[in-house]
Amino acid sequence: MKLSRYYLPTYRESPAEAEVISHQLMLRAGMVKKLAAGIYNWLPFGLRALRKVEEIIREEMNRAGAQEVFLPMVQPSELWKESGRWEAYGKELLRFQDRHEHESCLGPTHEEVIVDLVRGQLRSWRQLPVNLYQIQDKFRDEIRPRFGLMRGREFGMKDAYSFDADEPGAEKSYQGMYAAYSRIFARCGLEFRAVEAVTGPIGGKFSHEFMVLADTGEDTLAVCPKCGYAANLEKAEVKTAAKPETDPEQVLEKVHTPGRRTVEEVCAFLKLAPANLVKTLIFESDKGPVAAMVRGDRELNPNKLQGLINADRLEMATPERIQELTKGPLGFSGPVGLKIPIYLDQEVALLKNFITGANEPDYHLLNTNLTRDFQAAKIADLRVVVPGDFCNRCGSEYHFHKGIEVGHIFKLGLKYSKPMNATFLDQNGKEQFFIMGCYGIGTSRTVAASIEQNHDPSGIIWPLSIAPFQIYLLPINYKDERLRKVTDDLAAELEKLGLEVLLDDREESPGVKFKDADLIGIPLRILVGDKTLAKDSVEFKLRNQDKKELVLISKAAMAAKELILAQLEAISQKTDRIATQASKL
């Protein structure tokens, strides 16, 4: 492909709207162009990378036994009302009416549609297991789309759904997808970790996120260097290092704290450390109102609380509801006299004589103690992990890394099959609900995450397996007849060997060509110039290395192929190692 004929508009400066490096470079390298907030056109160069990611995904999903389908993006409201998500999903679900005033939505995900597809068709246990997948666009009406393709409203996704007859079968399907995902991201040339995660609005029992490691990632991972346990901050389990306090219990005392609502205000007023104060937070849930308590220097993890009480819905209570439940205003809640279940973080149970709200305006209680002054419904790990915390599995101190979520797999169980009455006949002729799994990969997000992980100040550094082209053929002066002939002959020979070549035949200065070569990041640059031709050679330079090497023209095409094949083989071997580790999940 000659660059003069290729639609590849590049830019020297980053657009003001671009907040993260992938967004900046995808715009500058002519990969995408913004159409509306969170919605982008894909240009030829970007689309080639996206299609390579999709092809890797397709090959590995097929290899794992999944079958490809293609489902409508427009989904009728009736299906979402069956599952109970029509109202619960929130404003990210773009709802609309057609000319017949029939309600539909643009699909942010396809659980309801896939269940409707198989119910009544998969009738016997003999037809199971089945795993169906698609590669398609989704739409989620984000309130504030940002970071370009990282958090857009319309985005590409591969989503798959497994249907099994029993729990062992569902576990096997889940493990198969865990291994397939490990192969996919390894083949994409990415450094990644699979971490335990919360299930979020998709629901289900258990999930793993696949995170591309990048300093610019918006997510933080807690990783145990000893046992290998890894989770995001919403899920990571904490083993407390605190010891039980042994001080004698002091007399409960109510103190006046006028206008002091926050931890900082109360502790400054009483001249005490935040670790001596315990926050009492009031929540509403489908299990009823509950209270949760954590130390003043800690942050409650609502996901842990929701899991502990096995709730489908959990949200902070309104100030009006707090007044109704505690008889006191927001900022003065406490456990003493509270008539709703109280759940304690494990560190609170170790404290003596701590400060709490008094459930009365402008008052707090000193010397509050568990058992004497209030009872706990349950004590558990309820807080967000922080640096210095220890792994709950083996007790080693966590290491923290930044990451970008590119994939998420879920054990759904009966989350959708039961409310939508999707059943099959088991070996005894009895109707049973399908046990489901759900497996998603952000295809466009994977391209962006690759750039976040692989770039330098000059531009993108593509992993070879997903690079739009493998070779950037750069003649210094394409107008020169001898140089042009050598370049054209070499391009033809490279393409005959099955290599993907972008030939920069533009009438631009060498400086412009070099900058564009670095910006778009094609793995191998082959330079043809007067100085190299004087030695019957061309110059090889890998984008991720500073080293340059002269190669004889007569051997250049085969040398390029051998170099590319060697790099692809290295990726393949690494993929096999990672897949072997993943199979031991």
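1. Accessible areas here come from the Shrake-Rupley method with a 1.4 Å probe, and for residues only the protein chains shown count as cover. On that basis the protein chain exposes about 26900 Å², with carbon and sulfur atoms supplying 50% of this area.

2. The model is predicted, so local features need pLDDT of at least 70 and side-chain atom pairs count only at pLDDT 80 or more, while totals for chains, interfaces and linings use all residues. Residues are numbered from 1 along each chain as its sequence is written, and side-chain values use heavy atoms, with hydrogens and water left out.

3. The secondary structure of the protein chain comes to 14 helices and 33 strands; these are DSSP runs numbered from the N terminus (helices H or I, at least four residues; strands E, at least two). A box of roughly 95 × 65 × 50 Å, taken along the principal axes, holds the C-alpha atoms.

4. Of the 585 residues, 52% count as buried, that is, under 20% relative accessible area (1.4 Å probe, protein chains only). Among contacts (heavy atoms within 4.5 Å) with a separation of 6 or more, 69% are between residues 24 or more positions apart.

5. The protein chain carries 79 positive and 83 negative side chains. Lys and Arg count as positive and Asp and Glu as negative, with His and the chain ends not counted. The centres of the two sets lie 2 Å apart, each charge being placed at NZ of Lys, CZ of Arg, CG of Asp or CD of Glu.

6. Strand β9 (residues 192–197) is largely enclosed by the rest of the structure, because five of its six residues are buried. β9 pairs with strand β10 (residues 206–213) in the antiparallel sense over six bridges; pairing requires that DSSP find at least two bridges between the strands. Ala-194 stands opposite Phe-210 in β10.

7. In helix α12 (residues 510–520) the buried residues are Lys-513, Asp-516, Ala-517, Leu-519 and Ile-520. Seen down the helix axis they fall within an arc of 165°, so they line one face of α12; the arc is that of the directions from the axis to the C-beta atoms. Their cover includes α1 (21–28), α2 (44–63), β29 (471–475) and β31 (524–528). Just after α12, Gly-521 takes a positive phi of about 75°.

8. Strands β19 (residues 354–357) and β20 (residues 363–368) pair in the antiparallel sense over three bridges, and Thr-356 has Leu-365 in β20 as its bridge partner. The two strands form a hairpin with five residues between them. In the turn, Asn-359 has a positive phi of about 55°.

Methods:
Buried means under 20% relative accessible area, exposed over 50%, partly exposed in between (1.4 Å probe, protein chains only).
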